[in-house]
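Work through the exercises below with the sequence and the 3D view open. Try each task before reading its solution.

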Amino acid sequence: MKTVLCEENNCLSASVDNFDDSEISLSNMATCNLHGEDSPYFAGWEAYRKDPYDEKLNPHGVIQMGLAENTLSFDLMEEWLLVHPEATITSEQGLDSFKELALYQDYHGLPDYRKAMAKFMEALRGYKVKFDPDRIVNAAGSTAANEVLMFCLADAGDVFLVPSPYYPAFARDLRWRTGVEIEPIHCYSSNNFQITKSEVESAFKRAQDLKKKVKGILITNPCNPLGTISSAETLKMLLAFANKKKIHLVCDEIYAGSVFHSPEFHSIAEIVAEENYTPDNVHIVYSLSKDMGLPGFRVGTIYSYNDTVVTAARRMSSFTMISTQTQHLLSTMLSDSEFVNYYIAENKMRLKERHGLIVAGFERAGIKYLKGNAGLFCWVDMSDLLPSKDIEGELKLWKGILYEAKLNISPGSSFKCMEPGWFRVCFAEMSTSTMEVALERLQRFAEQCKNHA
Amino acid sequence: MSMNICEQEFTSVSERATCSAHGEDSAYFAGWEEYRRNPYDSLLNPSGVIQMGLAENRLSFDLLEEWLVKHPEASVNFQQDLFKELALYQDYHGLPAFKKAMANFMEELRGNKVKFEPERIVNTAGATAANEVLMFCLADPGDAFLVPSPYYAGFDRDLRWRTGVEIVPIHCYSSNNFQITKSAVESAFKEAQKRKMNVKGILITNPCNPLGTTSSAEILKMLLEFSMKKKIHLVCDEIYSGSVFSSPHFYSIAEIVAKQHYMADNVHIVYSLSKDLGLPGFRVGAIYSYNNSVVTAARRMSSFCMVSSQAQHLLSIMLSDSNFIKYYIQENKKRLKERHNLLVSGLAQAGIEQLDGNSGLFCWVNMRHLLPSHDLEGELKLWKSILEEARLNISPGSSFNCMEPGWFRVCFADMNMSTMEVALQRLQRFAKEYKIIANAKL
């Protein structure tokens, strides 16, 4: 049955037409569900969309705590922009650059931008390592960066090992159009979800038993959803394993600027710097979506120690380039060392403060949480509130929190966590007053659960 | 690849990373290298290579700059909270105001003869991304898309590299001014079938690159009927729709679709601001699909190639300014026409003919009479001579998969008048000298 545009009534109506009824087919890729949007957790977004909390206009609405966004430090950037009109091409001072930027479509990216990005990445790591601007490849966000790396490092059907729990969208970003598969490296609460060598080996073996070729390991450090960092020992273990098996090691360090507490953050770049050769299997992904709260500007980076990968990724970045207008704004901003150092320190302080508030709230509510020092979220253990210790129990609990406490938080199963009852709760995208309301509701909900039990 | 035993092992990368479908090993790119090494500058390097191989529009920036000066509200930090709102906006649906403005602009480019629904627009970072996303949505690896040749050199990469889709050319010839014929389409379809490929669609560029001509309404209808009969898709890359500067009239596939009594759910339009507005650096592309499933799937895929919200904001304001865009479109066309005519008369003085064109940023030029031999080798020799002796980088027809040797694409909108005059003088001298040499050899 084809849909017909009924010109007289200017409406769409169903009608039989002259052509065969069969629809013109799309690709397998377009019709499969690897885009990941059919998850049951969509209901959380829907509930928030239909009934969003507003302090004045809708004080009983759903509070969004499922979005890992950093809204704490915009004022710092806005202040900077006010005194740096040359950073925007729409200003009198910036207009001179307009034509050149408008025409610049070289996938290498503006040299000044790459220099500034390299400098920023060094600042985030306390200047303990150097980054070569010529190893930086631009991509429109780390979503694109991760996908490009998969296209470059693996063929369809190959496997990447990824520690679980992991960022849900990896299922789409690493797999959908690339045909690459994910084998999780299971991590457990018994050791605070740290990655162990034996679990890495198990994951590798599982893939081999399925006759799959493992092409690499991809970790997120600092970790989403855990809010913790990998120790230097863990990173060394992973690099040694990758070298032994001749596979790649991709480190998504998107939260590198969001470490607000000890223990100290070690970037894979530091481990690499300690080796006496340049590895050809290490690649870092970065983006300004979290540390600077600029997901809308689509600013992602691949940093690879492998020349072939830099070249191939750069060519592929033709499909996902960063707007030069945005490159210009950021190259001006990130070249300002004084501002960068100030921003990093102030932003961390605010994250620490907000994190402190939320964990105090958890403690008041008697809710356990993983001791974290990074990221924009807490990994919370609500397993003692589960109606049953399984996925169904977790989903029920999640729905209860969504519809009764009216809080949208993310259940651990959406991160492929092996143990039911863990939830990710974000703390950097709401005001302190909203957070207080959220914590009160959570406390009340927890108490009610315990009373029923 | 064998592995040695030292610590610094070679860790293998993917097939896709090491194959040559990125297309950069062609003559098309070699010419750019030569220009890069020795670029013309009227004062600093007057004998350098003049770039005539880049389809860029540099003629109308002053209009955009004038507009920007008068519209500070286009700036990302114009008012309280605007910066924060844009910085956080990562919804792949795109800013509603931007899509509305884009639909507006696309209607304006087509003389307001058709309407575009903002909800059918999918944002992508450039037409490069748009075309690739469409291939991912419409075809599986190994499937074929029929593409009229000569075609844009970048399609070999954009349509094929990561998608695994194959291009089967629909051959067009000078005998009928390179127009697409039904029999050529049928031949290409049969050829694909012979090679056991599943044909999933046809992709045309209209106005055409490299020809600089537009497809007639009859040809568009023929293509639409053929695609409906075979149950395949029809993708129309209309990236040059705002660059039609003389008759015949430009027909968009949207106009043909509007006349049908059914929803042509196999039709998809690609657009971008890289040519008409000269903004390739800002990465602003669009897919417009009449198929709801394609809109949904393409939108989801656009997560990998989103348009910066900073650019969306600026353009939502600019493209909503109806007075400005009407003025811009008209003035830009006037300047393109002028520059085109200058090139054509310069070519005529060099005894060189070109395909009668009415659009785009280039001329499709016939240099067959200068070929040392009527084959690919002869064309590449001629191209090299023009590059090395006349120091002009123009693009040989073979890089566009043209079946007949001796045709070249010469761009006219990416240099100022005086540079063009120098280029034309060099070309005239070259043609004269080449003719003398050729005659001497006879």
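A salt bridge here is a side-chain nitrogen of Lys or Arg within 4 Å of a carboxyl oxygen of Asp or Glu. B:Glu33, B:Glu34, B:Arg36 and B:Arg37 are linked in a network of such bridges. Keep in mind that this is a predicted model.

**Exercise 1. The interface**

Task: Describe the contact between chain B and chain A by residues, area and polar pairs.

Solution. 

Step 1. Count residues. Chain B brings 82 residues into contact with 84 residues of chain A.

Step 2. Take the area. About 7,700 Å² is buried between chain B and chain A, and carbon and sulfur atoms give 61% of that area. In chain B, the residues that lose the most area to chain A are B:Phe83, B:Arg162 and B:Phe304. Together these three make up 11% of what that side buries.

Step 3. Look for polar pairs. Between the two chains, 28 residue pairs are in polar contact, with both residues at pLDDT 80 or more.

Step 4. Assign the chain B side to elements. Those giving two or more residues include helix H1 (15-18), helix H3 (61-70), helix H11 (292-301) and helix H12 (309-320) of chain B. H6(B) supplies the largest share, seven residues.

Step 5. Sort that side by residue type. It divides into 41 nonpolar, 21 polar and 20 charged residues.

**Exercise 2. Salt bridges across and within chains**

Task: How many salt bridges cross the interface of chain B and chain A? Then find pairs inside a chain and place their residues.

Solution. 

Step 1. Side chains of opposite charge can pair when their charged atoms come close.

Step 2. Check the interface. The rule finds one salt bridge across it. A:Glu37 and B:Arg300 meet in a salt bridge through their side chains, at 2.9 Å from N to O.

Step 3. Over all chains, the structure holds 40 salt bridges.

Step 4. Take A:Arg350 and A:Asp75. Their side chains meet at 2.8 Å, N to O. A:Arg350 is in helix H13 (residues 337-364) of chain A and A:Asp75 in helix H3 (residues 74-82) of chain A, so this pair ties together parts 275 residues apart in sequence. A:Asp75 has 30% relative accessibility, so it counts as partly exposed.

Step 5. Take A:Arg135 and A:Asp307. This salt bridge spans 2.7 Å, N to O. A:Arg135 sits in the loop between helix H5 (111-124) and strand S4 (136-139) of chain A, and A:Asp307 in helix H11 (residues 307-316) of chain A, so the pair ties together parts 172 residues apart in sequence. A:Arg135 is at 16% relative accessibility and therefore counts as buried.

Step 6. Take B:Arg58 and B:Glu56. Their closest N and O atoms are 3.0 Å apart. B:Arg58, at 34% relative accessibility, counts as partly exposed. B:Glu56, at 5%, counts as buried.

**Exercise 3. A tyrosine in a strand**

Task: Is A:Tyr286 buried or exposed? Which residues does A:Tyr286 touch?

Solution. 

Step 1. Locate A:Tyr286. It lies in strand S9 (residues 282-287) of chain A.

Step 2. Apply the cut-off. Buried means under 20% relative accessible area. A:Tyr286 is at 0%, so it counts as buried.

Step 3. List neighbours, leaving out residues up to four places away in sequence. Among them are A:Met117, A:Phe120, A:Met121, A:Leu124, A:Glu253 and A:Asp291.

Step 4. Find a polar partner. The side chains of A:Tyr286 and A:Asp291 make a polar contact at 2.5 Å.

**Exercise 4. A covered helix**

Task: How many residues of H11(A) are buried, and what covers them?

Solution. 

Step 1. Count. Seven of the 10 residues of H11(A) are buried, so the helix is mostly covered.

Step 2. Name them. They are A:Val309, A:Val310, A:Ala312, A:Ala313, A:Arg314, A:Arg315 and A:Met316.

Step 3. Identify the cover. It includes H5, S4, helix H6 (142-153), S9 and strand S10 (300-304) of chain A, together with H1 of chain B.

Step 4. Check the N-terminal end. A:Asn306 caps it, with a side-chain oxygen 2.9 Å from the backbone nitrogen of A:Thr308.

**Exercise 5. The nonpolar cores**

Task: Which residues have the most contacts inside the largest nonpolar core?

Solution. 

Step 1. Take the largest core. It has 167 residues. Those with the most contacts inside it are A:Phe98, A:Ile217, A:Leu288, A:Leu294, B:Met102, B:Ile202 and B:Leu315.

Conventions. Residues are numbered from 1 along each chain as its sequence is written. Chains are lettered from A and ligands numbered from 1 in the order in which they are written. This is a predicted model: local features need pLDDT of at least 70, side-chain atom pairs count only at pLDDT 80 or more; totals for chains, interfaces and linings use all residues. Side-chain values use heavy atoms; hydrogens and water are left out. Contact means heavy atoms within 4.5 Å. Buried area is the accessible area (1.4 Å probe) that two parts lose on being put together, summed over both. A polar contact is a pair of N or O atoms within 3.5 Å; within protein, one must be able to donate a hydrogen and the other to accept it, and residues adjacent in sequence count only if both atoms are side-chain atoms. Helices (H or I, at least four residues) and strands (E, at least two) are DSSP runs, numbered from the N terminus. Ala, Val, Leu, Ile, Met, Phe, Trp, Tyr, Cys and Pro count as nonpolar, Asp, Glu, Lys and Arg as charged, and the others, Gly among them, as polar. A nonpolar core is a set of buried Ala, Val, Leu, Ile, Met, Phe, Trp, Tyr and Cys residues joined through side-chain atoms within 4.5 Å. Buried means under 20% relative accessible area, exposed over 50%, partly exposed in between (1.4 Å probe, protein chains only).
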